[in-house]
Amino acid sequence: MKLYCSHTSPFARKVRVLIREKGATARVSEETVSALEDPASLHEANPLGKVPALIMPDGTSWFDSPLICEFLDVTLEGPSMIPASHVERFRVLRHQAIADGIMDAAVSIVFERARPEAQRSQMWMDRWSRAIARSLALLEDEVVSLDGPVDLGSIAVGAALGYLDFRHGHLAWQESHAELAGWWRDFAKRPSFVETAPPA
Ligand SMILES: N[C@@H](CCC(=O)N[C@@H](CS)C(=O)NCC(=O)O)C(=O)O
């Protein structure tokens, strides 16, 4: 299997961490692509033109990181990252949903900032910023639910927080969310996160 990814994408990092937590790096090779350069190989694997995308030896492809994670979780050996019991499964998927939402908003702000100033929408950047702020407040309130064995939910939250540190350091979110920051400081030390840290 081959994963098209980028080392700056938080969605790709989520998948790359999950593969490492399952101890299955030998099963998935990683190829770095730049989605914004529109490589044909990426479009063939994912018509949406986004990373990550997973391509199978027979040419079948999987895209959108939640689906890739679920596919890899059931097909790769190693500990399960999505619990089977309904209550636990939905707790994990809820964490993933809020984390993916933070990533969507944070990535959108980065793309918006890259546009010529006259074309930027302050209204949208403010709206995405408020969504991030509300989501961080929710995670701060519910931080105890992130404790316990690593799973797709905690991996996704880690990928989202790591992206805020990488691209949105000016938010200084760790100063206003002490519990969540404490959780992340420990969680970020996992080898799976250290190995996939975005470039300095
Ligand atoms: N919902 C997608 C989002 C993936 C995504 O937005 N990837 C970004 C990089 S962080 C991308 O490739 N963007 C290129 C584009 O939007 O054209 C997922 O979960 O995989």
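**Figure 1. Overall fold of the predicted model.** From the N terminus on, the order of elements is β-α-β-α-β-β-α-α-α-α-α-α-α. This is a predicted model, and its chain holds nine helices and four strands. Along the principal axes, the C-alpha atoms occupy a box of roughly 45 × 40 × 30 Å.

**Figure 2. Surroundings of the ligand.** The residues around the ligand are Ser9, Phe11, Ala35, Gly49, Lys50, Val51, Pro52, Asp64, Ser65, Asp100 and Val107. Sorted by class, this shell consists of five nonpolar, three polar and three charged residues. Among its members are Pro52 and Asp64, whose backbone geometry is the topic of the next view.

Figure 3. Most residues other than glycine have a negative phi, and most peptide bonds are trans. The peptide bond between Val51 and Pro52 is cis, with omega about 5°. Pro52 sits in the loop that connects α2 (40-45) to β3 (53-55). Asp64, which is not a glycine, has a positive phi of about 80°. Asp64 belongs to the loop between β4 (61-63) and α3. Val51, Pro52 and Asp64 are among the residues surrounding the ligand.

**Figure 4. Packing of α1 against α3.** Two packed helices are described by the angle between their axes and the distance between the axes. For helix α1 (residues 10-21) and helix α3 (residues 65-75), the angle is about 10° and the axes are 10 Å apart. The two helices, α1 and α3, are therefore roughly parallel to each other. The contact of α1 with α3 comprises seven nonpolar, one polar and two charged residues. Phe11 and Ser65 are also among the residues around the ligand.

**Figure 5. Packing of α4 against α5.** The axes of helix α4 (residues 86-113) and helix α5 (residues 122-141) cross at roughly 150° and come within 9 Å. Angles over 145 degrees count as roughly antiparallel, and α4 and α5 are therefore roughly antiparallel to each other. The crossing of α4 past α5 is left-handed. From α4, the residues in contact are Ile98, Gly101, Ile102, Ala105, Ala106, Ser108, Ile109 and Glu112; they meet Trp124, Met125, Trp128, Ser129, Ala131, Ile132, Ser135, Leu138 and Leu139 of α5. By class, twelve nonpolar, four polar and one charged residues form the contact of α4 with α5.

**Figure 6. Packing of α4 against α6.** Helix α6 (residues 152-167) packs on α4 at an angle of about 20°, with the axes 7 Å apart. α4 and α6 are therefore roughly parallel to each other. Their crossing, α4 with α6, is left-handed. Contributing from α4 are Arg91, Val92, His95, Gln96, Ala99, Asp100, Ile102, Met103, Ala106 and Val110, which meet Leu152, Gly153, Ser154, Ala156, Val157, Ala159, Ala160, Tyr163, Leu164 and Arg167 of α6. The contact of α4 with α6 contains 13 nonpolar, four polar and three charged residues. Ile102 and Ala106 of α4 meet residues of α6 and also residues of α5. Asp100 of α4 takes part in the contact with α6 and is among the residues surrounding the ligand.

Notes: Residues numbered from 1 in each chain as written. Predicted model: local features only at pLDDT ≥ 70, side-chain atom pairs only at ≥ 80, totals over all residues. Near = placed C-beta within 6 Å. Nonpolar A, V, L, I, M, F, W, Y, C, P; charged D, E, K, R; others polar. Axes fitted to C-alpha atoms, helices over the stretch in contact; angles between N-to-C directions. Parallel < 35°, antiparallel > 145°, perpendicular 65-115°, else oblique. Left-handed = near helix turned anticlockwise from the far one by under 90°. Contact = placed C-beta atoms within 7 Å.
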